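Keep it brief and give the cut-offs.

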Amino acid sequence: MTYDPATLGQFTITATDGAARRGSLVTAHGVVQTPIFMPVGTQGSVKALAPDDLDAAGAQIILGNTYHLYLRPGDDLLARKGGLHRFASWNKPILTDSGGFQVFSLKDIRKLSEDGVEFRSHHDGSKHFFSPEKVMSIQNNIGSDIMMVLDECVAYGADYDYTAKSLELTTRWARRCRQAHPRHKNGQLLFGINQGGFFKDLRERSLAQLAEIDFDGFAIGGLSVGESIPEMYDMLHHIAPLMPRDTPRYLMGVGTPLDILEGISAGVDMFDCVLPTRNARNGTLYTSQGKVNIRRAEYREDDSPLDPLCPCYACRTFSKAYLRHLYVAQELLSYRLNSLHNITFFLTLARQAREAIEQGRFAALKAHYQDVFAPAKD
Ligand SMILES: CNc1nc2c(CC[C@H]3O[C@@H](OC)[C@H](OC)[C@@H]3O)c3nc(N)[nH]c(=O)c3cc2[nH]1
Ligand SMILES: [Zn+2]
């Protein structure tokens with residue numbers, strides 16, 4: 001890849017509308033327009049979709065996951081194959097999460113220490129150890145454009161003392177990650193991850209500590225971990241405006257269309273979530289008229305497209321009746337068409353948000369979708 005070291009990592013805000021920001025981030029594999037939705041490709045593929053589908057849907061950047069790729073196919077193999085971009089034939093930006101979340105969700109099979117975390121593979125039970133340095137070297141081998149530090153995502157409901165201790169460890173790990181990955185080495189950016197659970201003072205402490213380290217961006221971790229929507233929004237609106245203004249803000253693992261619009265209104269720039277592809281596989285489709293459960297009998301003879309306003313191949317080519325048939329018949333094509341549509345919907349939502357911020361009408365866009373996705377009035 002060829003990039004200009006002078007502009008690498010540059011984040012430029014070109015418009016604002018309230019706290020919402022319209023910007024762009026320079027990475028080694030291209031410029032990312034924000035606010036942005038990032039399709040999740042945990043094992044190096046966005047499930048059921050190929051790079052040309054993602055291109056057609058307007059994807060600018062996808063996610064990979066250190067934990068999964070380290071276990072299979074192995075970061076050493078990826079290095080031998082020239083990195084994940086070449087291996088997966090995806091020549092646009094990739095962000096890799098550190099695996100912190102995965103390892104900490106493997107509750108009973110992991111041991112935490114100052115040096116890192118020991119865990120057992122969910123494939124074969126073999127023992128492994130992630131230190132901050134190890135996680136940096138894995139992401140170097142993957143070759144992602146944006147790397148995440150190793151952090152502890154504390155469980156929802158963790159008490160104050162545990163959360164306070166944990167954020168200090170996460171900060172010490174963040175410093176070690178920075179030490180292990182010199183600024184922009186191999187053209188790879190590095191983001192810090194804010195923790196502190198649902199305690200506002202601890203969130204501010206974590207942020208103050210991380211802001212002293214030279215990161216290219218900052219993520220909000222530890223949300224969307226089982227808390228209620230009001231709890232998530234309350235913390236989001238508290239911490240996002242306190243994050244550095246001139247670097248990207250990334251809300252990890254979030255979320256529904258309304259969560260993403262809420263995050264943008266709080267000043268967040270980047271989002272990732274498995275919802276579009278995961279819900280595609282269970283027939284829950286997001287459309288400009290609201291959610292559609294394609295398996296419902298009412299669509300059995302429905303000749304209309306899934307979403308008349310959607311430009312995707314599924315909506316241009318097939319009827320609801322056919323999409324419902326594929327789902328009920330458990331045809332593999334159902335996964336592909338439903339995933340293509342849902343990913344297109346989330347990417348279109350992000351594009352509409354970018355345009356609305358440029359034109360000073362973001363609040364109206366958010367209100368419109370709050371109507372579209374309002375819980376069904378029974
Ligand atoms: C869903 N809610 C949620 N996701 C979260 C993720 C990404 C999960 C990662 O797992 C894979 O998706 C399942 C993705 O990996 C590509 C994603 O990045 C987090 N990652 C880190 N490092 N720290 C966190 O505090 C954290 C919190 C989350 N909350
Ligand atoms: Zn569509």
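## Basis

This is a predicted model: local features need pLDDT of at least 70, side-chain atom pairs count only at pLDDT 80 or more, and totals for chains, interfaces and linings use all residues. Residues are numbered from 1 along each chain as its sequence is written, chains are lettered from A and ligands numbered from 1 in the order in which they are written, and side-chain values use heavy atoms, with hydrogens and water left out.

## Largest pocket

The largest pocket has a volume of about 920 Å³. A pocket is an open set of points on a 1 Å grid over the protein atoms alone, where a 1.4 Å probe fits, with protein on both sides within 12 Å along at least five of seven lines. Volume is the space filled by probe spheres set on the points, which are joined across faces, edges and corners.

The lining has 41 residues (an atom within 4 Å of a point). Phe 101, Gly 253, Asp 272, Val 274 and Arg 278 lie nearest the pocket centre. Strands S5 (62–65) and S14 (270–273) and helices H5 (100–105), H9 (229–239) and H11 (275–281) each supply at least two lining residues. H11 gives the largest share, four residues. Helices (H or I, at least four residues) and strands (E, at least two) are DSSP runs, numbered from the N terminus. By class, the lining holds 16 nonpolar, 17 polar and eight charged residues. Asp, Glu, Lys and Arg count as charged; Ala, Val, Leu, Ile, Met, Phe, Trp, Tyr, Cys and Pro as nonpolar; the others, Gly among them, as polar.

Cys 312 lies in the loop between strand S16 (290–293) and helix H12 (313–317), and His 341 in helix H14 (residues 332–358), so the pair ties together parts 29 residues apart in sequence. Cys 312 is buried at 5% relative accessible area, and His 341 is buried at 1%. Buried means under 20% (1.4 Å probe, protein chains only).

## Local features

In helix H6 (residues 132–142), the buried residues include Pro 132, Val 135, Met 136 and Ile 138.

Thr 284 sits in strand S15 (residues 284–287). Thr 284 is buried, at 10% relative accessibility. Leaving aside neighbours within four places in sequence, Thr 284 is in contact (heavy atoms within 4.5 Å) with Asn 279, Lys 291, Val 292, Asn 293, Arg 295 and Asn 342.

Definitions and conventions: Buried < 20%, exposed > 50% of the residue type's maximum accessible area, 1.4 Å probe, protein only.
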